[in-house]
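Biologist: Before we look at the model together, could you take me through how to read its features one by one?
Modeller: Gladly; let us have it in view and begin with a single residue.

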Amino acid sequence: MAEYRLEMEDVSKSFPGVKALDGVHLKVRPGTVHALMGENGAGKSTLMKCLFGIYKMDTGAIRIDGEPTAIENPDDALHKGLAMVHQELQPIPDRTIAENMYLGRYPMKKIGPFGMVDHKTMNEEAEKWLKDVKMDFDPKSKLGTLSIGQMQSVEIAKAVSQNAKLVILDEPTSSLTDNEVEALFRIIRDLKSRGVSMIYISHKMAEIRQIADDITIMRDGTYVGSWEVKDISDDEIVRQMVGRELTNVYPPKGDYRTDEVVLEVNDLCSIHPRSFQHCSFKLRKGEILGFGGLVGAQRTEIMEAIFGMRGIASGQVLVKGRPVNIKRPADAIREGIGMITEDRRGTGILGCLSIADNVSISSLNHYLEGNVMLNHKKIEGLVQDNVGKLSIKTPSSRTLIQSLSGGNQQKVIIARWLANNPDVLIMDEPTRGIDVGAKYEIYQIMIELVRQGKSIIMISSEMPELLGMSNRVVVMCNGHVTGELEGEEATQERVMSYATQFEN
Amino acid sequence: MSKKMDWKQFLINYGIICVLGLLVIYTGIMRPKFFTLRNLQSIALNVAPRFIIAVGVSGCLITKGTDLSAGRMVGLAACISGTLLQKADYSGRFELTKNLPDFPAWWVFAVLIIVMLICAIFGLINGLVVSYLSVPAFIGTLGMQLMVYGICLVYTDATPIGGYRNDYTYVATGSFLKIPFLFWIALVVGLLMWFLYNMTPHGKYMYAIGGNEQAAEVSGVNVKRSKIIIYVMAAMLYALAGFLLGAKAGGTSVNMGNGYELEAIAACTIGGVSVNGGIGKVSGVLIGVMVFELLKSAMQFLGLETNYQYIVQGIVIIVSIALDIRKYIAKK
């Protein structure tokens, strides 16, 4: 038997403008659980996509059981014994468990010249495999009647039924209850004892300790190292994940903070039990308040709730000391709050409209003549003013926004909010997908804004940006505020350890 | 390569107008009477009310909706107008309204306001259903189509209505500066809608909602209110068109307006209004309606039986929307 079930060696992958993976190694022993760890954007998903043939590697080799292998696509991966249990399951809840397990590969039988689905065989087989992972579900019941954890077990049973030798579990416990996690671990141990290998992607230290044998850490698309879990401490793991040199790509930030609290959030709870709960924080005038945490920490959700895009079950939001009741974004805008959303394409730009329309859309009421007619001259003035101030590179204000680069689109969205003259600007991942030059310009704009006495909340999943720009950092984990760090105390290690504080 | 792509793009954008244009020219050559002033005038008179309907539907389309109740609302408006505007001495007067006093000429205008208000109520329901209940516009307005037809049947008991007062039919036959009233009315509607679409926040919001509804909401646009305004206004335009069509025909029945919504949608897409939302101009709608009416007239001149005309119209509707969707796919 080969020493390793799977070997990925020296894998590199570039996308236009970024090197997503640079010489990454991953070696998984048979019958072990191998934890793959790294910050958001460290390249874990990209690596797995290369493994499954969704992305083509630029360089690198894959060996399965010592045999060099090329994997063309996910289907091919499946034939070669690799299966993935996705972070976001994509089941068909209204069909039966068995049908979900055999989707696309239904057992068939012949009735004369016609082929038809052999339901009897399918259900029997499904039942057998479910028993195999100690899940006694009726394969004929609808998948939708199961809990998320149980669906995940079904997904694993499916992988096992396809003779998978290596199963990838991508943050499998992110939406499970404690009991479900226990059940999942039982299945994982059982598979292990049968020689199945698993790659386990997770941020939760306690789980890694409990279930994983080996660990590989990645950082910024590079390979940091591999250890046996027993040989490495939690602190060391955190250090290895964040241990980068902080390069000085941020404009000098002044401290323009005053004592005035412009936004106060008290004990805010989402209507969804698994989203943010009991969150409180304060934002002061002239402050850049950073929000750190892992993907899924519910930072975006709480900001969208404050802005009226999501439901709030309880808690209070105060603007300049006055409780406000924000039901829709329009209410928030009236209270002097602006919001640059994370999903620029989905909730930011109005793609088929011009730059002028995109800039003016949320402040049109300021440019009315006789309460009816828009003064296009005034609007053009506003747009030109902003195009100049934010140095938006565009041939004309009539250009469609979708033809601009990401950085310029983002500046147009910033201009839209500046036109409203808000006191508080929430910026969710303001520099995502933007090139370095434009990033710097956006940082400069942010600093100029706080200098003028506005306040900014910035959600960022990029640690250097978070530390480089914020006067103060609030860290969230799993829907809770787990820490708050004043300027100088905020280090990568401390943010990361708060961000992985799942137990509370 | 790029040359080839350009051709493809050109055909997607203007293919249907080209084909229909060729058909019109062909008809003109084969049937010289097609291009007489008289015929063109009659086509133009058909364009006026159809344009009013189509411009109403265009607002719904631009916000990624649609309004399938348009035709039936036209019918209802025509029927209600007809029953309220019969000659006092007409023998076959409508049962419910036969004791109505013989009001002076202002009554014609009052009736127009009445039918517009009645249809506005149905438009309001459409708007509420689409925005507050989040029912897809296609289904919601299809339901309304049936309801309005039912109401029209109940009201008229399916009897044809005729014997209109002269001052009502004069709306269609009369003219000002040698140009028929119908033109003036369509012109005013067109200018008003152009102003609304281009010069007011409402218009900007409409395009924004069609372009990206969520982004519009985040930008503080009251999406629900905008949609309600659009559906109400559209319904009022259908009422106006129904009122005019009744006057033009000199009589009406429950079948008035049947299928006009699809013709309007087709005319809009031919004229560059995208069913994917966010794109469309009033001038484009006008062009679309003219092209569609020319097609209908050309088919008549070529002696195509009415039954076959339906088949051709159906094909044109599907092709025009299929081409429109191509534009969208190409953009991605």
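Modeller: Asp214(A) counts as buried in this predicted model, at 6% relative accessibility, and Asp214(A) belongs to strand E11 of chain A, which covers residues 214-219.

Biologist: Which residues does Asp214(A) touch, not counting those up to four places away in sequence?
Modeller: Leaving out residues up to four places away in sequence, Asp214(A) touches Arg29(A), Thr32(A), Val33(A), His34(A) and Ala35(A), and also Trp227(A), Glu228(A) and Val229(A).

Biologist: Let us turn to charged pairs; how many salt bridges does the structure hold over all chains?
Modeller: A pair is counted when a side-chain nitrogen of Lys or Arg comes within 4 Å of a carboxyl oxygen of Asp or Glu, and over all chains the structure holds 40 salt bridges. One of them links the side chains of Glu99(A) and Arg95(A), with an N to O distance of 3.1 Å. Glu99(A) is buried, its relative accessible area being 14%, while Arg95(A) is partly exposed at 43%.

Biologist: Where do Arg451(A) and Glu448(A) lie?
Modeller: Both are in helix H15 of chain A (residues 436-451), three residues apart, which is about one turn of the helix. Arg451(A) forms a salt bridge with Glu448(A), and their closest N and O atoms are 3.0 Å apart. Arg451(A) is partly exposed, with a relative accessible area of 47%, and Glu448(A) is partly exposed as well, with a value of 32%.

Biologist: Which residues do salt bridges that share partners join into one network?
Modeller: Such a network joins Asp255(A), Arg257(A), Glu287(A), Arg472(A), Glu484(A) and Glu486(A). Within this group, Asp255(A) forms a salt bridge with Arg257(A), where the closest N and O atoms are 3.0 Å apart.

Biologist: And the cysteines: how many disulfides are there over all chains?
Modeller: A disulfide is a covalent bond between the sulfur atoms of two cysteines. The count over all chains comes to zero. Cys119(B) is in no disulfide, because the cut-off for such a pair is 2.5 Å and the nearest cysteine sulfur, that of Cys152(B), is 9.7 Å away. Cys119(B) counts as buried, at 1% relative accessibility; in chain A, Cys50(A) is also buried, with a relative accessible area of 2%.

Biologist: On the surface, which residues form a nonpolar patch?
Modeller: Leu22(B), Ile25(B), Tyr26(B), Ile29(B) and Met30(B) form a nonpolar patch there, and together these residues have about 540 Å² of accessible area. Ile29(B) counts as exposed, at 63% relative accessibility, and Ile29(B) lies in helix H1 of chain B, which runs over residues 2-30.

Biologist: Finally, how should I read the contact between the chains, and how many residues does it take from each?
Modeller: One can read the residues, then the area, then the charged pairs. The contact takes 29 residues from chain A and 24 residues from chain B. Chain A and chain B bury about 2,000 Å² between them, and 65% of this area is on carbon and sulfur atoms.

Biologist: How many salt bridges are counted between chain A and chain B?
Modeller: The count between the two chains is one salt bridge. Asp357(A) forms a salt bridge with Lys204(B), and the closest N and O atoms of this pair are 3.0 Å apart.

Notes: Residues numbered from 1 in each chain as written. Chains lettered and ligands numbered in written order. Predicted model: local features only at pLDDT ≥ 70, side-chain atom pairs only at ≥ 80, totals over all residues. Heavy atoms only, no water. Buried < 20%, exposed > 50% of the residue type's maximum accessible area, 1.4 Å probe, protein only. Helix = DSSP H or I, 4+ residues; strand = E, 2+ residues; numbered from the N terminus. Patch = residues over 30% accessible without salt bridge, like charges linked within 9 Å, V, L, I, M, F, W, Y side chains within 5 Å. Areas by Shrake-Rupley, 256 points an atom, 1.4 Å probe, with all protein chains shown as cover. Contact = heavy atoms within 4.5 Å. Buried area = accessible area lost by both parts, 1.4 Å probe.
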